[in-house]
Amino acid sequence: MDRTAVVGARYMSSWWRSVQPAPKDPILGVTEAFLADQSPDKVNVGVGAYRDDNGKPVVLECVREAERRIAGNLNMEYLPMGGSVKMVEETLKLAYGENSELIKEKRIAAVQALSGTGACRLFADFQKRFCPDSQIYIPVPTWANHHNIWRDAQVPQKTYHYYHPESKGLHFAAMIDDIKNAPNGSFFLLHACAHNPTGVDPSEEQWREISHHIKAKGHFAFFDMAYQGFASGDPEKDAKAIRIFLEDGHHIGIAQSYAKNMGLYGQRVGCLSVLCEDEKQAVAVKSQLQQLARPMYSNPPVHGALIVSTILSDPDLKKQWLKEVKVMADRIIGMRTALRGNLEKLGSPLSWQHITNQIGMFCYSGLTPEQVDRLTNEFHIYMTRNGRISMAGVTTGNVEYLANAIHEVTK
Amino acid sequence: MHPDFTSPSSSSSSSADRRLNALVRHLATASMVSQTAVAFSPTSGFHGDSVFSHVVRAPEDPILGVTVAYNKDPSPVKLNLGVGAYRTEEGKPLVLNVVRKAEQMLLNDKSRVKEYLPIVGIAEFNKLSAKLIFGADSPAIRENRVTTVQCLSGTGSLRVGAEFLARHYHQKTIYIPQPTWGNHPKVFTLAGLSVKTYRYYDPTTRGMNFQGLLEDLGSAPSGSIVLLHACAHNPTGVDPTLQQWEQIRQLIRSKALLPFFDSAYQGFASGNLDEDAQSIRMFVADGGECFVAQSYAKNMGLYGERVGALSVVCRAADVASKVESQLKLVIRPMFSNPPIHGASIVATILKDSNMFNEWTIELKAMAGRIISMRKQLFDALRARGTPGDWSHIIKQIGMFTFTGLNSKQVEFMTREYHIYMTSDGRISMAGLSSKTVPHLADAIHAAVTRMS
């Protein structure tokens, strides 16, 4: 090998020395630790992926059927930059309403996105490009990746009060104050239902007030809806907050995900929509969203989108999906009742009503990091250190064990 | 307990007032509401203004826009030579047999669960992809100096790599060949790099401007990033010879430039996987570092499944591990983890020696058909006595031919002959068949003789 090549190669050895090892992802690190644990009693209530009552992951029957229909029949050509038109159409109906006038009037700019993450990121990039002086208000707490997304999009972020630790509920007055005190025209990130990680949702009446104050300040409401159908078991009910905002005339944005409610986690299927003044604006906005998608991944993956459109455009498959979503939601609601019941039966001095007041996949238990560590070290129970319990990991087989352990570390 | 927070859903001690106000607001008409204490800002949605009113419609993507225009054309003789997607002799898209097989295997495996992949994707897929591009015996792999992460096809791999460089590399400029794939500059710019060009294509010879390339890379600041098409340059089809690659390598290493390879056509160019990876392997063999974006869109026909991989070859194993951890921080806020379906198909095929062999045969057939189309077009132009030297059609390699036609001639061909292609004169040979070659030859002949 000639000398100049060696010199050049050696010269380059310093380029990556300064790269620091990145910290492990806090949520995914929990599952890694769980997998490494040999104890037969171990319980994983860390990651937010649904489990059946045997603690097993689930592939929905409607999804299996859709995959059977898809395989061998179609080609794998590129989707348009905006993704599957059919999938997007059906997805908008879920969020905006089956017979939404807004859809008929073509006022919604919408593109297929890489699940909820991708939808939020596309919107954040779009916000940065077209409202470069704006900032995003993010609830405390929220899914940790929200902060990463808007940071990488270079949108300055602020927080607003949301969770009230003392009541393990909504810090409503403080939230309204923050909305009122934010500069006019700020962007607000709202969890449409089943707030992650707290499970604390505003009531319908509170949503109306939130809508009123956001409107009064000319803020932009961006909804992250990752659990439609998964929260109450009824997709229409879970979209209530969005429908209130639409009634009130907001021009909202929505990130929708099929990761949980269709169990399509790894397929990365979602949708970003932005409600515009009119069709012309919607066309313009959609074209600009595509301009952001093209240098990121060119066009979105086809397989998951096909599964979704196959299911939602077939009345029987859609009915089956709705049934299966209700089963998942009901099981979780049942586990909430069981966990709370067990804790009360054990004579815990604390109040556990928040377990059944909260909704969706997660329960913000109120456990301290030290108590969580004890649960892990003494009882082989794995959860994130903020005390978030993934109810999907709770089964009739482990709920008593879990309740006992929680009681032990909190009595 | 604080009176305000007796239950999670109650508000303040004036909750009765709040409820009453809420009711009033919703019963009141718009004008009544505006007379209450609440002030509406001028930008409020209530007045019907969107904060995105100023957004103008973006121009059509020049490449994908060609297919849009083609679809609108009712002519029975229309030809789509725009997008680089392979077509059979019958003009149909092709799903490889081995891909169908792999899909069925995955479908029949009831134990398969489609949960979230790790941030870096399927481990097996990553390992096999690295082996495929670097060679099973690559010292870089043996020494654990390579980190490979699953990404969304070539585009996604380029973007993730570029974002990493923009954050962690001391030089923020990337040199791209003139011309290059239209999406390259956008990918790098949005990632935070600044883009410069180096001479590459010589329109007079329709071959390489090698002197220009050496000069431009030679005068690039030390450490600059250099984008290299591993094989089958898009859009020109003009590749360096092995000797020229060696010279490029020496120049790059002597100036400590950082090579970033875009490998979108491995196996598709010559028909041979190892041959098409030679340029990359040459660089890895000298012990230096590089980035490689790999795509399975064309060579496995997995276009819409968005399957690809980004590999970073480092000088040391611990460095590769640190780099991987930082790549994860780029990926997580972009899409969290990559799509499972396409990569599962690739892993299924690559790890089974029979399926791998089947794949190489189907790949050779695709590459062979394209080489045959080149020959047929060249012969057809010669037969018509079309003025000019058309030998570049058979000298260039890969999916595309840079015809040398100018935008006026292209416009003419679209208007009069319903030929759809990009205005830079690039045609996708994959879109041709024995049946349609004569029509294209007629169109080129007419364009060259009637328009200049």
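This is a predicted model: local features need pLDDT of at least 70, side-chain atom pairs count only at pLDDT 80 or more; totals for chains, interfaces and linings use all residues.
How many bridges join strand 8 of chain A to strand 9 of chain A, and in which sense do the two strands run? Four bridges join them, and the two strands run parallel.

- Strand 8 of chain A covers residues 220-225, and its Met225(A) has Gln256(A) in strand 9 as a bridge partner.
- Strand 9 of chain A also pairs with strand 10 (residues 270-275) of chain A, this time in the antiparallel sense over five bridges.

**Is strand 9 buried or exposed?**

- Five of the five residues of strand 9 (residues 253-257) of chain A are buried, so the strand is largely enclosed by the rest of the structure.
- In a regular strand, side chains alternate between the two faces of the sheet.
- Here, Gly253(A), Ala255(A) and Ser257(A) lie on one side, Ile254(A) and Gln256(A) lie on the other, and both faces are covered.

**Where two helices meet**

- Helix 12 (residues 279-297) of chain A and helix 7 (residues 153-168) of chain B have axes that come within 6 Å.
- Their axes cross at roughly 85 degrees, and the two helices are therefore roughly perpendicular to each other.
- From helix 12 of chain A, Arg294(A), Pro295(A), Met296(A) and Tyr297(A) meet Thr155(B), Gly156(B) and Arg159(B) in helix 7 of chain B.
- The residues of this contact divide into three nonpolar, two polar and two charged.

How values were computed:
Residues are numbered from 1 along each chain as its sequence is written. Chains are lettered from A and ligands numbered from 1 in the order in which they are written. Side-chain values use heavy atoms; hydrogens and water are left out. Axes are lines fitted to C-alpha atoms, for helices over the stretch in contact, and angles run from 0 to 180 degrees between N-to-C directions. Angles under 35 degrees count as roughly parallel, over 145 as roughly antiparallel, 65 to 115 as roughly perpendicular and the rest as oblique. Contact means heavy atoms within 4.5 Å. Ala, Val, Leu, Ile, Met, Phe, Trp, Tyr, Cys and Pro count as nonpolar, Asp, Glu, Lys and Arg as charged, and the others, Gly among them, as polar. Buried means under 20% relative accessible area, exposed over 50%, partly exposed in between (1.4 Å probe, protein chains only). Two strands pair if DSSP finds at least two bridges between them.
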